[in-house]
Amino acid sequence: MNWWNGTTWIWSDQGQPPSVNLFRGLGAVTIALKPTMSPAPFAVVTGSDGNAWVNWWNGSSWLWYSMGSPGVAIGSSMGVLAVTDERTGEQSLQVYVWGGDGQLWLGVTDMVASRWTALGGPQYPAVIGGPAGAAIIKRGPGQLSQSCCFVLSVSTGNVWVCQDDSWLEVGAPPSDLYALAGLGAISVPDMNNNSQYALVFVTDGNNSVWACRWDGVKAVWEDHGNPTGRTIDAGIGITNTSASPGAAQLPHAFMRTTDGLVYENWQQ
């Protein structure tokens, strides 16, 4: 892990679970398991034993925890979220994966116990073809938050969302009606009405980046263009920043181009 201690960057060897080799990363997020705890980093990876493993900081030391597996092979990551129980203020880790059976699976853990749930897939003829990110939405004051996992349909070119445990069609960029690659998603607070929407970044067949604003019911697509003379290859990550405490949070999307450069698409 490469981390900032306030004055300099430091590399730390996180080791590995006993007798398990690490295969690939599934995602990372900060979580406060209890309201009294400070948010801490949690990194999720797959191991040679077929399980999902979490490397997490408990406030004093780094630990490895096995989430087990869905009972099918874990394919690619579809998104990782820190989800708050609005009754208790406690947070849990939610890990979405694409299973070897073609279904979307959800793993949930509080670092004491874990459970896996099959979420199926979008309505035929749509078929899961890859990830588009995960985010949490909230439709307004008094409304419960909803976890959303966005996927690309390889057969129809549309984006679909598994919202809680229901599948809804989000659509595709209006340019050519085809979402080619998912670059990631992020939750964005709307300070005007105390709500939170998801912003999903994808590319179309014309090498343009599109951002889709999803509030749980309606999709609004916006063309963000592309770096001149460059072809977008993959998403790297998305984060929110604010100019000052209490100011609006603005998304910054980072992406890689085919010539190995990193570009940032951000809102002023």
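This briefing covers the cores, strands, selected residues and ring contacts of one structure.

This is a predicted model, in which local features need pLDDT of at least 70, side-chain atom pairs count only at pLDDT 80 or more, and totals for chains, interfaces and linings use all residues. Residues are numbered from 1 along each chain as its sequence is written, and side-chain values use heavy atoms, with hydrogens and water left out.

**Nonpolar cores**

- A nonpolar core is a set of buried Ala, Val, Leu, Ile, Met, Phe, Trp, Tyr and Cys residues joined through side-chain atoms within 4.5 Å.
- Buried means under 20% relative accessible area, exposed means over 50%, and partly exposed lies in between (1.4 Å probe, protein chains only).
- The largest nonpolar core has 21 residues, and Phe42, Val54, Met67, Leu93 and Val95 touch the most other members.
- Six strands each supply at least two residues of this core: E3 (22-31), E4 (40-47), E5 (52-57), E6 (62-68), E7 (74-84) and E8 (91-99).
- Strands (E, at least two residues) and helices (H or I, at least four) are DSSP runs, numbered from the N terminus.
- Another core lies apart from this one; its 18 residues include Cys148, Val159, Val161 and Trp221.
- In soluble globular proteins, nonpolar side chains tend to be buried together.

**Contacts of Val95**

- Contact means heavy atoms within 4.5 Å.
- Beyond its neighbours within four places in sequence, Val95 is in contact with residues including Leu26, Val44, Met67, Trp105 and Trp116.

- Two strands pair if DSSP finds at least two bridges between them.
- E5 and E6 pair in the antiparallel sense, over six bridges.
- Asn55 stands opposite Trp64 in E6.
- The two strands, E5 and E6, form a hairpin with four residues between them.
- In the turn, Gly59 has a positive phi of about 110°.

**An open sheet**

- Three strands form an open sheet in the order E19-E20-E21, with antiparallel pairing.
- Strands E19 (232-241) and E21 (262-266) are the edges, and each pairs on one side only.
- Neighbouring strands of this sheet are turned by 25° against each other on average, direction ignored. Axes are lines fitted to C-alpha atoms, for helices over the stretch in contact, and angles run from 0 to 180 degrees between N-to-C directions.
- E20 (residues 250-257) joins E21 through five bridges.
- His252 stands opposite Trp266 in E21.

**Two buried residues**

- Met78 sits in strand E7.
- Met78 counts as buried because its relative accessibility is 1%.
- Met78 and Leu106 are 28 residues apart in sequence, and their C-alpha atoms are 9.4 Å apart in space.
- Thr203 is found in strand E16 (residues 195-203).
- Thr203 has a relative accessible area of 4%, so Thr203 is buried.

**Aromatic rings**

- The structure holds three aromatic pairs.
- Rings of Phe, Tyr and Trp (its six-membered ring) pair if their centres lie within 6.5 Å; planes under 30 degrees apart count as stacked, over 60 as edge-to-face and the rest as tilted.
- Phe42 and Trp56 are stacked, because their ring centres are 5.4 Å apart and their planes are at 25°.
- Phe42 lies in E4 and Trp56 in E5, so the pair ties together parts 14 residues apart in sequence.
- Both Phe42 and Trp56 are buried.
- Arg213 lies over the face of Tyr197, at 3.7 Å from the ring centre. A charge sits over a ring if NZ of Lys or CZ of Arg is within 6 Å of the ring centre and within 35 degrees of the ring normal.
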